Amino acid sequence: MPPKSTKPAAPRLPPLQKLRVRRPNQAQANPCVGIMTSMLGCWASSGYSAQGCMALEQSLRACMDQAKPEKQKKNTINYHLMRLYPKIRGARKID
């Protein structure tokens, strides 16, 4: 029997059908949500036309009137994974 190698075997990953990243484009949180939640809570506790909620209402209007941020570019990670996966996986025998 030949002596066992002292070098550990390289870990092997199971074969994958596809290599994909789930939801690479995450939506950004709206910065006005916190103010709107506070305003709705104020209205619920003291009535819709309460003068105490006027400051929250004005700050919500100012937040909503601000310019929207630029749209993010679509993430291309899945395109590149699909394109490069055959090179990473190596040549395979077709059944």
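The secondary structure of the protein chain consists of three helices and zero strands, where helices (H or I, at least four residues) and strands (E, at least two) are DSSP runs numbered from the N terminus. Read from the N terminus, the order of elements is α-α-α. The model is a predicted one, in which local features need pLDDT of at least 70 and side-chain atom pairs count only at pLDDT 80 or more, while totals for chains, interfaces and linings use all residues. Residues are numbered from 1 along each chain as its sequence is written, and side-chain values use heavy atoms, with hydrogens and water left out.

Of the 95 residues in the protein chain, 12% are buried; buried means under 20% relative accessible area, exposed means over 50%, and partly exposed lies in between (1.4 Å probe, protein chains only). Contacts, defined as heavy atoms within 4.5 Å, can also be sorted by separation along the sequence. Among those between residues at least 6 apart in sequence, 69% join residues at least 24 apart.

A pair of helices comes next. Helix 1 spans residues 33–46 and helix 2 spans residues 54–65; their axes come within 9 Å and cross at roughly 150°. That angle makes helix 1 roughly antiparallel to helix 2, given that angles over 145 degrees count as roughly antiparallel, under 35 as roughly parallel, 65 to 115 as roughly perpendicular and the rest as oblique. The axes here are lines fitted to C-alpha atoms, for helices over the stretch in contact, and angles run from 0 to 180 degrees between N-to-C directions. The crossing of the two helices is left-handed, meaning that the near helix is turned anticlockwise from the far one by less than a right angle.

Which residues of helix 1 and helix 2 meet? From helix 1 come Ile35, Met36, Ser38, Met39, Cys42 and Trp43, and from helix 2 come Leu56, Glu57, Ser59, Leu60 and Cys63. Sorted by class, this contact has eight nonpolar, two polar and one charged residues. In this scheme Ala, Val, Leu, Ile, Met, Phe, Trp, Tyr, Cys and Pro are nonpolar, Asp, Glu, Lys and Arg are charged, and the others, Gly among them, are polar.

Glu57 also takes part in a salt bridge, its side chain meeting that of Arg61 at 2.8 Å, N to O. The structure holds one salt bridge, a term for a side-chain nitrogen of Lys or Arg within 4 Å of a carboxyl oxygen of Asp or Glu. Side chains of opposite charge can pair when their charged atoms come close. Glu57 and Arg61 are separated by about one helical turn, because they are four residues apart in helix 2. Arg61 counts as partly exposed, because its relative accessibility is 48%.

Gly34 is found in helix 1 and, at 45% relative accessibility, counts as partly exposed. Gly34 and Leu60 lie 26 residues apart in sequence and 9.3 Å apart in space, C-alpha to C-alpha. Met64, in helix 2, is exposed, with a relative accessible area of 54%. Between Met64 and Val33 the separation is 31 residues in sequence and 10.0 Å in space, C-alpha to C-alpha. His80 has its place in helix 3 (residues 77–89) and is partly exposed, with a relative accessible area of 32%.
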